[in-house]
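Please take a look at the chain shown here. The report below goes through its fold, its rings, its surface and its charged pairs.

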Amino acid sequence: MFKVGSRTIKTAIGAPVSILIAQALQLDNAISAAILTILCIQVTRQRSLQTAWYRFYACLIGIIVAGLLFELIAYNPLVIGLILIIFIPITVKLGITEGIITSTVIILHLYGEGALSVSIVMNEIVLLTVGLGVALILNMYMPSLDSELEKIRDELEDNFSKILREIANYLKTGEYYWSGHEITETARLIEEANELASRDVENHLLRRHHPFYHYFHMREKQFDILERMLPLISRIDATEDEYNYIGELFQDLADHVHPGNTAVKYLEKLNQIRKKFNKEKLPDDLETFEERANLYLLLNEIEQYLILKRSYKKSDI
C-alpha cells in the first residue's frame, strides 16, 4: 500500500473548502481559491507563513502593475507579456519569487474582466485571502517528528557501537574483517536527522532550537572524529599491553553509547592510560617516533570525542 502524507491530506481538504468559502462569499473565479490553497500548503509552519506573506505581497504588486498597464495601454495578450517583463524582476529584487505563479493567476483574472474597478480588486484580494487563509489554518497542524527522530537516534547509536566495537576488536586481536558499511550508513542517518530536526524547529513558531538538533550536531562532530581515527589506528605501534588498554577503552565506549552523559568517567580512564604511556621508554629512531606520535594523536582524538559528549547537555529526548 502506498503512503498518504499529511501534506496530501491537507491539500485534499483545503482545495474544496476554499472553493466552498469563495462560493459562499459569491466571489468571481471562486475555483481559483483552490489553486491558491494548493500552492500554499507547505511542509512546516514557518515556511507556510513566509510563503503566504510572499504570495500576498507579490499579488498586491501584480494588481498594481497589471492595473496600470491594462488601463494605460489595453487589455491585450501582448500587454500580459509586458506586465510579466516588469513584474517578475520586481519580485526577484524583493526576494518574493514564490509569489509569481499566484500573482499570474490574479493578473489573468484582471485581463479576463477587461476592466478595473474597486469591486474587481476587492474580489481578488478577498479571493487571495480565502485561499491563503485556508492553507495557513490547515498548516497549523503539523505531525510530530519525534518518533522518527528517536528511531534515527537509536539506529545511529547502534552504528556508533558497532564502529567502536570493530576498532576495539582490531586493537586487541589485530584481525580485520569489517566491511565498514556502518560508516556510509551513519553519514546518511546524520544527514537525514539534521533535515528532520530543522523541519521540526520550523514547525514551532516560538522555538529556535530542538533538543534533537543539538544531539545530532554533537553526534555529527563525533562521527568526524571517528573517521579521523580509523587511518590513525592502522599506523600506530604499541606494546601488547598498550593495545589492550586502548582496546578496552573502545570496548567500554561501544557498550555505553546512549544519550546520557558518562564522558567524565572515560576521560579519567583515558588520563590513566596516558600516564601509563608516559612511563614508556622514549623512541630511539624516527620511524618509531612517528608511530608513537600517531598513538598520541589517537589518544587526543579520543579525548576530543569524549569532550564533545561531556559538553552536550542532555534534554528531554
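Buried means under 20% relative accessible area and exposed means over 50%, with partly exposed in between (1.4 Å probe, protein chains only). The model is predicted: local features need pLDDT of at least 70, side-chain atom pairs count only at pLDDT 80 or more, and totals for chains, interfaces and linings use all residues. Residues are numbered from 1 along each chain as its sequence is written, and side-chain values use heavy atoms, with hydrogens and water left out.

**Overall fold**

The protein chain has 12 helices and zero strands. Helices (H or I, at least four residues) and strands (E, at least two) are DSSP runs, numbered from the N terminus. The chain has 317 residues, of which 42% count as buried.

The loop between helix H1 (6-24) and helix H2 (32-40) holds Gln 26. Its phi is near 60°, a positive value in a residue other than glycine. Gln 26 counts as exposed, at 71% relative accessibility. Asn 29 lies in the loop between H1 and H2 as well. Asn 29 is not a glycine, yet has a positive phi of about 55°. With 33% relative accessibility, Asn 29 counts as partly exposed.

**Annotated segments**

The UniProt annotation "transmembrane region", from an unreviewed entry, covers residues 53-73, 79-108 and 120-142. UniProt positions are given in the numbering used here, feature names are shortened, and annotations may be inferred rather than shown by experiment. In the model, residues 53-73 are 95% helix and 0% strand, with the end C-alpha atoms 30 Å apart. Residues 120-142 are 87% helix and 0% strand, and there the end C-alpha atoms are 35 Å apart.

**Aromatic rings**

Rings of Phe, Tyr and Trp (its six-membered ring) pair if their centres lie within 6.5 Å; planes under 30 degrees apart count as stacked, over 60 as edge-to-face and the rest as tilted. The whole structure holds four aromatic pairs. Trp 53 and Tyr 57 have ring centres 5.3 Å apart and planes at 15°, so this pair is stacked. The two are four residues apart in helix H3 (residues 45-72), about one helical turn. Tyr 57 counts as partly exposed, at 30% relative accessibility.

Phe 70 and Tyr 75 are also stacked, because their ring centres are 4.7 Å apart and their planes are at 15°. Phe 70 counts as buried, at 2% relative accessibility. Tyr 75 counts as partly exposed, at 22%. Ring pairs link Phe 70, Tyr 75 and Tyr 111 into a cluster.

A charge sits over a ring if NZ of Lys or CZ of Arg is within 6 Å of the ring centre and within 35 degrees of the ring normal. The charged end of Arg 219 sits over the ring of Phe 160, 5.2 Å from the centre.

**A nonpolar patch**

Patches are made of residues with over 30% relative accessible area and no salt bridge; nonpolar side chains (Val, Leu, Ile, Met, Phe, Trp, Tyr) are joined within 5 Å, like charges within 9 Å. Ile 64, Leu 68, Leu 72, Ile 73, Leu 82, Ile 85 and Ile 86 form such a nonpolar patch on the surface, with about 700 Å² of accessible area together. H3 and helix H4 (77-94) are the elements that give two or more residues to it. Ile 85 is found in helix H4. At 60% relative accessibility, Ile 85 counts as exposed. Accessible areas come from the Shrake-Rupley method with a 1.4 Å probe; for residues, only the protein chains shown count as cover.

**Salt bridges**

A salt bridge is a side-chain nitrogen of Lys or Arg within 4 Å of a carboxyl oxygen of Asp or Glu. The count comes to 10 salt bridges.

| Pair | N to O distance |
|---|---|
| Glu 155 and Lys 151 | 2.6 Å |
| Lys 162 and Asp 158 | 3.3 Å |
| Asp 255 and Arg 165 | 3.0 Å |

Asp 255 lies in helix H10 (residues 240-255) and Arg 165 in helix H7, so their bridge ties together parts that are 90 residues apart in sequence. Glu 155 and Lys 151 both lie in helix H7 (residues 146-173), four residues apart. Lys 151 counts as exposed, at 51% relative accessibility, while Glu 155 counts as partly exposed, at 28%. Glu 185, Arg 188 and Glu 192 are linked in a network of salt bridges.
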